[in-house]
Amino acid sequence: MTATKVGGFSPLPLAMVEDVPVSKPIHLFHGTTLEAAEQIRTTGWQARDLSGIVEELAARHEVEVGAVIDDLRRYNRFMFVEADRGRVASFAPNYETAAGSWAQRAPEVEWDALWAIWRIKYSGETDLYHWNLDVPGHAWVTEQMGPHHELAVIEVTLSVDNLLHLDARAGGGRSPITPEILGILSYLAEVAVPLPFRPEGEVRIHHVERRVAWEVFAYWLGLTREEFIARDKAGIFGPGGDDHEGKPRWWPLSVVNAVRAHADAGGICCTRG
(Lines give C-alpha, C1' and ligand atoms only; values in the text may rest on other atoms or scores of the structure.)
Protein backbone atom coordinates (compact mmCIF):
# COMPACT_ATOMS: atom_id res chain seq x y z
CA MET A 1 0.00 0.00 0.00
CA THR A 2 1.37 3.41 -0.91
CA ALA A 3 1.14 6.48 1.31
CA THR A 4 0.76 10.22 1.16
CA LYS A 5 3.37 12.44 2.85
CA VAL A 6 2.61 16.07 3.72
CA GLY A 7 5.11 18.71 4.80
CA GLY A 8 7.35 16.49 6.91
CA PHE A 9 4.51 14.62 8.62
CA SER A 10 4.37 10.84 8.80
CA PRO A 11 2.84 9.26 5.73
CA LEU A 12 -0.83 8.32 5.87
CA PRO A 13 -2.09 5.18 4.12
CA LEU A 14 -4.11 5.95 1.04
CA ALA A 15 -6.90 3.88 2.58
CA MET A 16 -7.39 6.80 5.02
CA VAL A 17 -7.73 9.31 2.19
CA GLU A 18 -11.27 10.10 1.07
CA ASP A 19 -12.46 11.87 -2.03
CA VAL A 20 -13.79 15.30 -1.11
CA PRO A 21 -16.71 16.55 -3.22
CA VAL A 22 -16.20 20.01 -4.66
CA SER A 23 -19.47 21.06 -3.05
CA LYS A 24 -18.47 19.96 0.45
CA PRO A 25 -17.88 22.93 2.78
CA ILE A 26 -14.54 23.00 4.57
CA HIS A 27 -14.37 24.36 8.12
CA LEU A 28 -11.11 25.82 9.42
CA PHE A 29 -10.46 27.24 12.90
CA HIS A 30 -8.17 30.05 14.04
CA GLY A 31 -7.40 30.60 17.74
CA THR A 32 -6.90 34.24 18.71
CA THR A 33 -8.08 36.98 21.05
CA LEU A 34 -11.66 38.25 21.02
CA GLU A 35 -10.48 41.76 20.14
CA ALA A 36 -8.48 40.45 17.19
CA ALA A 37 -11.39 38.25 16.10
CA GLU A 38 -13.75 41.21 15.90
CA GLN A 39 -11.19 43.14 13.85
CA ILE A 40 -10.58 40.19 11.55
CA ARG A 41 -14.29 39.75 10.90
CA THR A 42 -14.36 43.37 9.69
CA THR A 43 -11.12 43.65 7.74
CA GLY A 44 -9.87 40.09 7.30
CA TRP A 45 -6.38 38.91 8.25
CA GLN A 46 -3.56 41.39 7.68
CA ALA A 47 0.22 41.08 8.01
CA ARG A 48 1.59 42.02 11.44
CA ASP A 49 4.83 43.51 12.75
CA LEU A 50 5.89 40.81 15.21
CA SER A 51 9.18 42.51 16.06
CA GLY A 52 7.31 45.62 17.21
CA ILE A 53 5.29 43.55 19.69
CA VAL A 54 8.47 42.02 21.11
CA GLU A 55 10.11 45.45 21.43
CA GLU A 56 7.08 46.88 23.28
CA LEU A 57 6.97 43.98 25.78
CA ALA A 58 10.72 44.11 26.40
CA ALA A 59 10.52 47.82 27.17
CA ARG A 60 7.51 47.36 29.47
CA HIS A 61 9.33 44.69 31.50
CA GLU A 62 12.68 46.50 31.39
CA VAL A 63 14.56 43.76 29.57
CA GLU A 64 16.92 44.37 26.66
CA VAL A 65 15.10 43.56 23.44
CA GLY A 66 18.25 41.93 22.04
CA ALA A 67 18.26 39.50 24.97
CA VAL A 68 14.62 38.62 24.32
CA ILE A 69 15.27 38.02 20.61
CA ASP A 70 18.35 35.90 21.42
CA ASP A 71 16.26 33.83 23.82
CA LEU A 72 13.50 33.31 21.24
CA ARG A 73 16.09 32.15 18.72
CA ARG A 74 17.72 29.82 21.24
CA TYR A 75 14.40 28.23 22.11
CA ASN A 76 13.37 27.92 18.44
CA ARG A 77 10.17 29.88 18.82
CA PHE A 78 7.80 30.16 15.89
CA MET A 79 8.56 33.71 14.75
CA PHE A 80 12.10 32.59 13.91
CA VAL A 81 11.58 28.93 13.01
CA GLU A 82 8.89 29.75 10.43
CA ALA A 83 10.03 32.53 8.12
CA ASP A 84 6.47 33.41 7.06
CA ARG A 85 5.17 33.96 10.62
CA GLY A 86 3.16 37.17 10.67
CA ARG A 87 2.53 36.88 6.93
CA VAL A 88 0.16 33.89 6.99
CA ALA A 89 -3.05 33.10 8.85
CA SER A 90 -2.76 29.74 10.59
CA PHE A 91 -5.76 27.43 10.88
CA ALA A 92 -6.42 24.14 12.61
CA PRO A 93 -8.72 21.61 10.93
CA ASN A 94 -10.69 21.10 14.16
CA TYR A 95 -12.18 23.33 16.85
CA GLU A 96 -10.54 21.77 19.92
CA THR A 97 -6.98 22.33 18.69
CA ALA A 98 -7.76 25.99 18.02
CA ALA A 99 -9.61 26.49 21.33
CA GLY A 100 -7.55 24.33 23.67
CA SER A 101 -4.09 25.08 22.32
CA TRP A 102 -3.75 27.96 19.87
CA ALA A 103 -6.17 30.39 21.47
CA GLN A 104 -4.63 29.73 24.89
CA ARG A 105 -1.34 31.19 23.64
CA ALA A 106 -2.85 34.11 21.76
CA PRO A 107 -1.33 36.41 20.74
CA GLU A 108 1.37 33.78 20.21
CA VAL A 109 4.24 36.24 19.77
CA GLU A 110 3.28 37.87 23.08
CA TRP A 111 3.12 34.49 24.81
CA ASP A 112 6.58 33.55 23.47
CA ALA A 113 8.07 36.94 24.36
CA LEU A 114 6.70 36.80 27.91
CA TRP A 115 8.21 33.37 28.38
CA ALA A 116 11.55 34.74 27.19
CA ILE A 117 11.25 37.61 29.68
CA TRP A 118 10.41 35.16 32.47
CA ARG A 119 13.48 33.05 31.71
CA ILE A 120 15.78 36.08 31.48
CA LYS A 121 14.49 38.12 34.39
CA TYR A 122 13.13 35.60 36.89
CA SER A 123 13.88 31.90 36.44
CA GLY A 124 17.31 31.87 34.79
CA GLU A 125 16.23 28.66 33.05
CA THR A 126 18.68 27.48 30.39
CA ASP A 127 17.47 23.94 29.69
CA LEU A 128 15.90 23.91 26.24
CA TYR A 129 13.30 21.31 27.20
CA HIS A 130 12.44 22.04 30.82
CA TRP A 131 10.83 25.47 30.48
CA ASN A 132 7.38 24.19 29.53
CA LEU A 133 7.27 22.24 32.83
CA ASP A 134 7.94 25.41 34.82
CA VAL A 135 4.71 25.87 36.80
CA PRO A 136 5.64 29.29 38.27
CA GLY A 137 6.47 30.39 34.72
CA HIS A 138 3.07 29.32 33.42
CA ALA A 139 1.44 31.11 36.35
CA TRP A 140 3.36 34.33 35.67
CA VAL A 141 2.69 34.33 31.93
CA THR A 142 -1.02 33.67 32.53
CA GLU A 143 -1.18 36.56 35.01
CA GLN A 144 0.39 38.86 32.42
CA MET A 145 -1.97 37.85 29.61
CA GLY A 146 -5.18 36.82 31.37
CA PRO A 147 -6.50 40.26 32.40
CA HIS A 148 -5.78 41.79 29.00
CA HIS A 149 -7.06 39.26 26.48
CA GLU A 150 -10.38 37.49 26.15
CA LEU A 151 -10.05 34.55 23.81
CA ALA A 152 -11.92 33.37 20.75
CA VAL A 153 -11.90 30.91 17.88
CA ILE A 154 -12.76 32.12 14.39
CA GLU A 155 -14.50 29.51 12.27
CA VAL A 156 -14.19 30.01 8.52
CA THR A 157 -16.26 28.08 6.01
CA LEU A 158 -14.73 27.72 2.55
CA SER A 159 -15.60 25.86 -0.61
CA VAL A 160 -13.09 23.40 -2.01
CA ASP A 161 -12.50 25.65 -5.03
CA ASN A 162 -11.93 28.64 -2.77
CA LEU A 163 -9.37 26.80 -0.62
CA LEU A 164 -7.48 25.48 -3.64
CA HIS A 165 -7.18 28.96 -5.14
CA LEU A 166 -5.84 30.60 -1.96
CA ASP A 167 -2.33 29.16 -2.33
CA ALA A 168 -2.93 27.57 1.09
CA ARG A 169 -0.14 25.45 2.53
CA ALA A 170 -0.15 22.40 4.79
CA GLY A 171 1.78 22.00 8.02
CA GLY A 172 5.18 23.25 9.06
CA GLY A 173 6.68 22.08 5.78
CA ARG A 174 4.23 24.37 3.95
CA SER A 175 3.41 21.86 1.20
CA PRO A 176 0.83 23.20 -1.28
CA ILE A 177 -2.70 22.03 -0.61
CA THR A 178 -3.78 20.03 -3.62
CA PRO A 179 -6.93 18.00 -4.34
CA GLU A 180 -5.03 14.91 -3.15
CA ILE A 181 -4.38 16.49 0.25
CA LEU A 182 -8.00 17.53 0.81
CA GLY A 183 -8.89 13.99 1.83
CA ILE A 184 -6.47 14.09 4.77
CA LEU A 185 -7.14 17.68 5.77
CA SER A 186 -8.42 16.66 9.20
CA TYR A 187 -5.08 14.98 9.95
CA LEU A 188 -2.98 18.07 9.27
CA ALA A 189 -1.45 20.04 12.13
CA GLU A 190 -1.91 23.38 10.36
CA VAL A 191 -3.27 25.04 7.25
CA ALA A 192 -1.51 28.34 6.43
CA VAL A 193 -3.10 30.94 4.15
CA PRO A 194 -1.03 33.88 2.78
CA LEU A 195 -2.00 37.38 3.88
CA PRO A 196 -3.94 39.50 3.34
CA PHE A 197 -6.88 37.10 3.53
CA ARG A 198 -10.56 37.99 3.72
CA PRO A 199 -12.72 34.88 3.32
CA GLU A 200 -15.69 34.98 1.03
CA GLY A 201 -17.69 32.44 3.05
CA GLU A 202 -19.21 32.57 6.52
CA VAL A 203 -17.07 33.77 9.43
CA ARG A 204 -18.20 32.85 12.95
CA ILE A 205 -16.66 33.85 16.28
CA HIS A 206 -16.78 31.46 19.25
CA HIS A 207 -15.91 32.82 22.69
CA VAL A 208 -13.32 30.67 24.49
CA GLU A 209 -12.50 30.50 28.20
CA ARG A 210 -8.86 30.91 29.18
CA ARG A 211 -7.85 27.54 30.63
CA VAL A 212 -5.75 27.14 33.77
CA ALA A 213 -4.02 23.77 34.21
CA TRP A 214 -4.51 22.12 37.59
CA GLU A 215 -0.80 22.50 38.43
CA VAL A 216 -1.02 26.28 38.09
CA PHE A 217 -4.32 26.34 40.01
CA ALA A 218 -2.71 24.38 42.86
CA TYR A 219 0.38 26.62 42.77
CA TRP A 220 -1.71 29.77 43.14
CA LEU A 221 -3.56 28.24 46.09
CA GLY A 222 -0.37 27.02 47.75
CA LEU A 223 -1.60 23.42 47.78
CA THR A 224 0.38 20.24 47.24
CA ARG A 225 -0.68 17.84 44.53
CA GLU A 226 -2.30 15.56 47.09
CA GLU A 227 -4.14 18.42 48.79
CA PHE A 228 -5.43 19.75 45.50
CA ILE A 229 -6.60 16.33 44.26
CA ALA A 230 -8.44 15.68 47.53
CA ARG A 231 -10.34 18.95 47.21
CA ASP A 232 -11.03 18.31 43.55
CA LYS A 233 -12.48 14.87 44.31
CA ALA A 234 -14.67 16.49 46.96
CA GLY A 235 -16.04 18.81 44.27
CA ILE A 236 -14.85 21.94 46.04
CA PHE A 237 -13.61 23.61 42.85
CA GLY A 238 -16.57 22.68 40.71
CA PRO A 239 -16.34 20.75 37.44
CA GLY A 240 -13.08 21.23 35.59
CA GLY A 241 -12.36 20.72 31.93
CA ASP A 242 -12.46 17.23 30.52
CA ASP A 243 -9.32 15.18 31.00
CA HIS A 244 -10.11 13.05 27.95
CA GLU A 245 -7.31 11.61 25.83
CA GLY A 246 -4.94 11.84 28.78
CA LYS A 247 -4.89 15.64 28.78
CA PRO A 248 -4.46 17.38 32.16
CA ARG A 249 -7.50 18.77 33.91
CA TRP A 250 -8.09 22.50 33.69
CA TRP A 251 -10.46 25.14 35.00
CA PRO A 252 -11.67 28.39 33.40
CA LEU A 253 -9.69 31.41 34.59
CA SER A 254 -12.94 33.03 35.77
CA VAL A 255 -13.55 30.08 38.13
CA VAL A 256 -9.93 30.06 39.29
CA ASN A 257 -10.05 33.78 40.08
CA ALA A 258 -13.25 33.30 42.09
CA VAL A 259 -11.66 30.48 44.11
CA ARG A 260 -8.52 32.55 44.69
CA ALA A 261 -10.61 35.48 45.92
CA HIS A 262 -12.46 33.13 48.28
CA ALA A 263 -9.12 31.76 49.54
CA ASP A 264 -7.76 35.27 50.08
CA ALA A 265 -10.84 36.00 52.18
CA GLY A 266 -10.06 33.02 54.39
CA GLY A 267 -12.34 30.54 52.66
CA ILE A 268 -12.17 27.01 54.00
CA CYS A 269 -11.78 25.53 50.51
CA CYS A 270 -8.09 26.28 50.33
CA THR A 271 -6.70 26.05 53.85
CA ARG A 272 -3.79 23.67 54.27
CA GLY A 273 -4.14 20.27 55.89
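This is a predicted model: local features need pLDDT of at least 70, side-chain atom pairs count only at pLDDT 80 or more; totals for chains, interfaces and linings use all residues.
**Nonpolar cores and salt bridges**

Beyond its neighbours within four places in sequence, Leu 163 contacts Ile 26, Leu 28, Leu 158, Ala 168, Ile 177, Leu 182 and Leu 185. Together with Trp 45 and Phe 91, Leu 163 touches the most other members of the largest nonpolar core, a set of 27 residues. Several elements contribute at least two residues each to this core: the strands are S3 (26-33), S4 (88-91), S5 (151-158) and S8 (191-194), and the helices are H1 (34-43), H8 (160-164) and H9 (179-182). Strand S5 provides the largest share, with 4 residues. Another core, of 21 residues, lies apart from this one, and its members include Leu 57, Tyr 75, Val 109 and Met 145. As general background, nonpolar side chains in soluble globular proteins tend to be buried together.

Attention now turns to the charged side chains. The model has 10 salt bridges. One of them joins the side chains of Asp 112 and Arg 77, with an N to O distance of 2.9 Å. Asp 112 sits in helix H6 (residues 108-123), while Arg 77 belongs to the loop between helix H3 (65-74) and helix H4 (78-81), so this pair ties together parts that are 35 residues apart in sequence. Both partners, Asp 112 and Arg 77, are buried.

Arg 204, in turn, counts as partly exposed because its relative accessibility is 41%.

Arg 249 and Asp 232 form another salt bridge, in which the closest N and O atoms are 3.0 Å apart. Arg 249 is found in the loop between helix H11 (225-233) and strand S11 (250-252), and Asp 232 in helix H11, so the pair ties together parts that are 17 residues apart in sequence. Within this pair, Arg 249 is partly exposed, as its relative accessible area is 23%, whereas Asp 232, at 18%, is buried.

Conventions
Residues are numbered from 1 along each chain as its sequence is written. Side-chain values use heavy atoms; hydrogens and water are left out. A nonpolar core is a set of buried Ala, Val, Leu, Ile, Met, Phe, Trp, Tyr and Cys residues joined through side-chain atoms within 4.5 Å. Buried means under 20% relative accessible area, exposed over 50%, partly exposed in between (1.4 Å probe, protein chains only). Contact means heavy atoms within 4.5 Å. A salt bridge is a side-chain nitrogen of Lys or Arg within 4 Å of a carboxyl oxygen of Asp or Glu.
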